[in-house]
Amino acid sequence: MVKEMYNDINLDRIDINLEPPTEEPARQYYFMAKCREWVKDFEQKNGRSPKSCVINFGCQMNARDSEKLRGILRDVGYIESSEEKADFVIYNTCTVRENANTRIYGRLGQLKPRKKKNPHMMIGLCGCMMQEPEAVEKLKKSYSFIDLIFGTHNIYKFAELLAARFEAGRMVIDIWKDTDKIVENLPNERKYTFKSGVNIMFGCNNFCSYCIVPYVRGRERSRRPQAIIQEIRRLVADGVSEVMLLGQNVNSYGKTLDIPMSFAQLLKEIEKIEGLKRIRFMTSHPKDLSDELIKVMAESKKICRHLHLPIQSGSTRILEKMNRRYTKEQYLLLVEKLRAAVPDISLTTDIIVGFPGETEEDFKETLDVVRKVRYDSAFTFIYSKRTGTPAAVMEGQVPEEVVKDRFDRLLYEVQSIAGQMCAVHEGSVQEVLVESVSEQDPSMVTGRLSNNLLVHFPGSPELIGSYVDVTLKECKGFYYIGMK
Ligand code: SAH
Ligand code: SF4
Ligand code: F3S
């Protein structure tokens with residue numbers, strides 16, 4: 001775990017007897033100082049620091065949000081621990097599919113007896129699921145032992161809300177419907193020393209008909225390019241060499257800025273940052289993937305040879321119902337252009353099976369795209385009905401056993417092609433960024449190729465964070481065994 005050095009604001013020098021400042025982020029630092037007083041009190045009473053654990057259940061943006069919460073908790077004096085030992089457990093929730101919600105209720109049920117035994121224990125809930133009024137109603141009614149509930153738009157206010165909870169001594173709930181605000185320069189605690197996610201935008205304006213994200217994450221807002229560049233510069237000064245630019249649809253970056261800027265232009269600026277070695281980004285929506293971006297990718301020395309390009313369905317008829325705004329043919333053409341410009345690019349995707357009205361013919365179109373594109377890997381999802389989205393009330397919901405059968409057939413196709421794609425690189429020497437000690441074998445380390453595949457090879461932990469040339473000896477389907 002690493003502390004980002006630019007967040008070294010001395011909380012002890014903030015006078016908490018004054019009124020809180022109104023401007024951000026100063027206001028949050030004031031409340032962090034207040035929370036710190038409470039933590040000191042805890043330490044005196046218990047002879048130890050309080051322990052916290054933030055668990056994220058969602059996508060990379062959700063994970064990055066968790067790092068922000070951890071940064072604030074660290075600065076107010078919490079020590080990170082496992083969930084079992086934590087005095088303060090926070091679930092950063094996801095709601096993209098129904099089973100994400102089910103999981104949260106299940107976990108909360110397990111926490112309840114623990115909280116009964118340890119009344120001082122606190123439980124916090126935040127993230128996308130909290131933006132659904134029905135979910136919050138249910139929590140208020142049936143899970144009244146929860147201490148703090150907040151949403152996606154006011155996550156920057158975490159310190160203020162925590163202080164409010166300490167003061168009130170009972171459940172605090174604060175959910176906003178939307179926001180146009182972006183608060184910069186709050187603390188952060190990165191998971192890795194050498195790589196980091198960087199938000200470039202928030203929200204989504206696409207309203208794909210099955211998707212709940214635009215409702216829970218609000219309207220699209222881009223961070224100012226200067227703020228992004230400055231954050232990356234600081235990260236690089238702090239030892240980071242790989243960044244993952246994050247947004248629901250990075251290809252539409254910059255459209256809402258006062259001085260509009262394209263994603264391709266932003267990438268060109270980021271490329272100039274000295275010391276930065278690798279640039280990744282996600283997610284790319286096919287409808288906004290420009291020729292300019294393909295050109296920048298082709299010319300770049302730092303952008304990784306990997307693109308995640310969700311197709312969702314191969315049937316133009318279904319794509320239209322999904323409101324994706326591209327056809328099967330346009331997607332295939334895009335893939336052709338990408339492969340012509342960046343021949344060694346690795347392509348991955350997301351696919352939904354069982355969207356309302358999907359026929360066997362539609363599904364075969366999806367299989368056809370999978371066979372034509374030959375993805376390096378694909379995330380496959382069973383359609384999940386999300387209340388409030390247009391697809392939830394569409395006719396022709398597909399029976400479960402039909403969906404299951406299609407899902408299995410798709411998975412088989414995706415996995416056999418991915419295995420073949422992986423084997424293509426066998427024998428080659430490639431530069432990898434070493435990320436960790438191998439989970440299966442402590443005498444090995446795990447590195448990531450530019451194309452996002454992993455390789456395990458003999459090596460010691462000192463290699464973590466460095467770039468090493470590795471021979472890809474043997475392809476194991478989804479990863480390699482290699483040799484330095
Ligand atoms: N913004 C990204 C994806 C965000 S959600 C994009 O547009 O590509 C990640 C993936 O979850 C989506 O690509 C989609 O495949 C899947 N997904 C979203 N809503 C879903 C639903 N209701 N049921 C099943 N899968 C869904
Ligand atoms: Fe959801 Fe579509 Fe937005 Fe992705 S682009 S988050 S799938 S609405
Ligand atoms: Fe889930 Fe929210 Fe991400 S719904 S996928 S955590 S944007």
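Biologist: Why is Phe207 called partly exposed?

Modeller: Its relative accessibility is 29%. Buried means under 20% relative accessible area and exposed over 50%, with partly exposed in between (1.4 Å probe, protein chains only). At 29%, Phe207 therefore counts as partly exposed. Please keep in mind that this is a predicted model, where local features need pLDDT of at least 70, side-chain atom pairs count only at pLDDT 80 or more, and totals for chains, interfaces and linings use all residues. Residues are numbered from 1 along each chain as its sequence is written, chains are lettered from A and ligands numbered from 1 in the order in which they are written, and side-chain values use heavy atoms, leaving out hydrogens and water.

Biologist: What makes the phi of Phe207 worth a look?

Modeller: Phi of Phe207 is near 50°, a positive value in a residue other than glycine. Most residues other than glycine have a negative phi. Phe207 is also one of the residues around ligand 2, and Cys204, Cys208 and His285 are among the others; around means that a heavy atom of the residue lies within 4 Å of the molecule.

Biologist: And why is Gln312 called buried?

Modeller: The relative accessible area of Gln312 is 7%, so the residue falls on the buried side. Gln312 has a positive phi too, near 70°.

Biologist: How do you know that the bond between Glu24 and Pro25 stands out?

Modeller: That peptide bond is cis, with omega about 5°. Another cis bond runs from Met282 to Thr283, with omega near 10°. Most peptide bonds are trans.

Biologist: What makes Tyr78 and Phe88 a tilted pair?

Modeller: Rings of Phe, Tyr and Trp (its six-membered ring) pair if their centres lie within 6.5 Å; planes under 30 degrees apart count as stacked, over 60 as edge-to-face and the rest as tilted. Tyr78 and Phe88 are 5.9 Å apart, centre to centre, with 50° between the planes, and that makes the pair tilted. Tyr78 is buried at 6% relative accessibility, and Phe88 is buried at 1%.

Biologist: Why are Tyr156 and Trp176 called edge-to-face?

Modeller: Their ring centres are 5.9 Å apart and their planes stand at 70°, so the pair is edge-to-face. Tyr156 is buried at 10%, whereas Trp176 is partly exposed at 24%.

Biologist: How do you know that Arg97 lies over the face of Phe381?

Modeller: A charge sits over a ring if NZ of Lys or CZ of Arg is within 6 Å of the ring centre and within 35 degrees of the ring normal. Arg97 is at 3.8 Å from the ring centre of Phe381.
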